[in-house]
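Subject: Structure handover

Hi there,

Here is the structure I promised to pass on. Please have it open while you read my notes below.

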Amino acid sequence: MARAAKLKVFRTPIGFHDAYVAAPSQKAALEAWGSDHDLFARGVAERVEDPELTREPLANPGTVIRRLRGTTAEQIAALPKDSPRRPRAAPEAEKPARKAKPKPKPKPKPDRTPLRDAEQALADAEARHAEEQEALARREADFARERRALEKRQAAEQARLERLRDQERDRYDRAIRDWRG
C-alpha cells in the first residue's frame, strides 16, 4: 500500500476569519481553499506549526476550518474610519424638481444550506472512505502474514517429505543392488 504524504497545516485570511487546512502540499491547500492564485507567493498564506492551531485541521484533513480572527470589538476597531463627507451642492432654481424613483427591493441572499449540506456530505464520505481504506489495509496485512505462515509451513512439510522420499529411494536402490547380486 502506498504511504500517505505527511500533512502540513496552512492558513490564509478570509474576511474576518482565518482559513486553516491540513494538506500534503501548498498546491493541495490552494485547491482546498478554491484559489486560482498562489497565495503563498503573494505572502497571504503561510504554514502553521502551533500545536493549538493545528489540532483541528489535522483531525479533518482536506477540510477548510474557519476560525474567527479577533473579537467583534477588535474587528470593528480595525475598520477604516468614514471618509469626510463632501457638502452637497445647493440646488439650482432653474432645474425642475425630479421625483425620486423608488429603490427596487434587494434580491434575497441565496440559501447556503444546500452547499453546506453537500460539503458536509463530502467530508463525511471522505472520512468514511479513509476508514474503509485503513480497514482494507489491515485486512491485507493480515492476509500477507497468513500467506507467509502458510508458505513457511508448506515449505517445511515439502522439505521433510522430499528427505523421506530420498531416504526411501536410497533404501530401495540398495535393496535392488543386493537382490541382483
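Of the protein's 181 residues, 12% count as buried, where buried means under 20% relative accessible area with a 1.4 Å probe and protein chains only. This is a predicted model, in which local features need pLDDT of at least 70, side-chain atom pairs count only at pLDDT 80 or more, and totals for chains, interfaces and linings use all residues. Residues are numbered from 1 along each chain as its sequence is written, and side-chain values use heavy atoms, with hydrogens and water left out.

The exposed surface comes to about 16400 Å², with carbon and sulfur atoms supplying 53% of it; the areas come from the Shrake-Rupley method with a 1.4 Å probe. Among contacts with a separation of 6 or more, 52% are between residues 24 or more positions apart; a contact means heavy atoms within 4.5 Å.

Now the fold. There are four helices and four strands, in the order β-β-α-β-α-β-α-α from the N terminus. These are DSSP runs, numbered from the N terminus: helices are H or I with at least four residues, strands E with at least two.

Strand β2 (residues 17–23) is largely enclosed by the rest of the structure, because six of its seven residues are buried. It pairs in the antiparallel sense with β1 (residues 8–14) over seven bridges, and Pro13 stands opposite Asp18 in β2. Pairing requires at least two DSSP bridges between two strands. β1 and β2 form a hairpin with two residues between them, and Gly15 in the turn has a positive phi of about 60°. β2 also pairs with β4 (residues 65–68), again antiparallel, over four bridges; there, Tyr20 has Ile65 of β4 as its bridge partner.

Best wishes

Note on methods:
Buried < 20%, exposed > 50% of the residue type's maximum accessible area, 1.4 Å probe, protein only.
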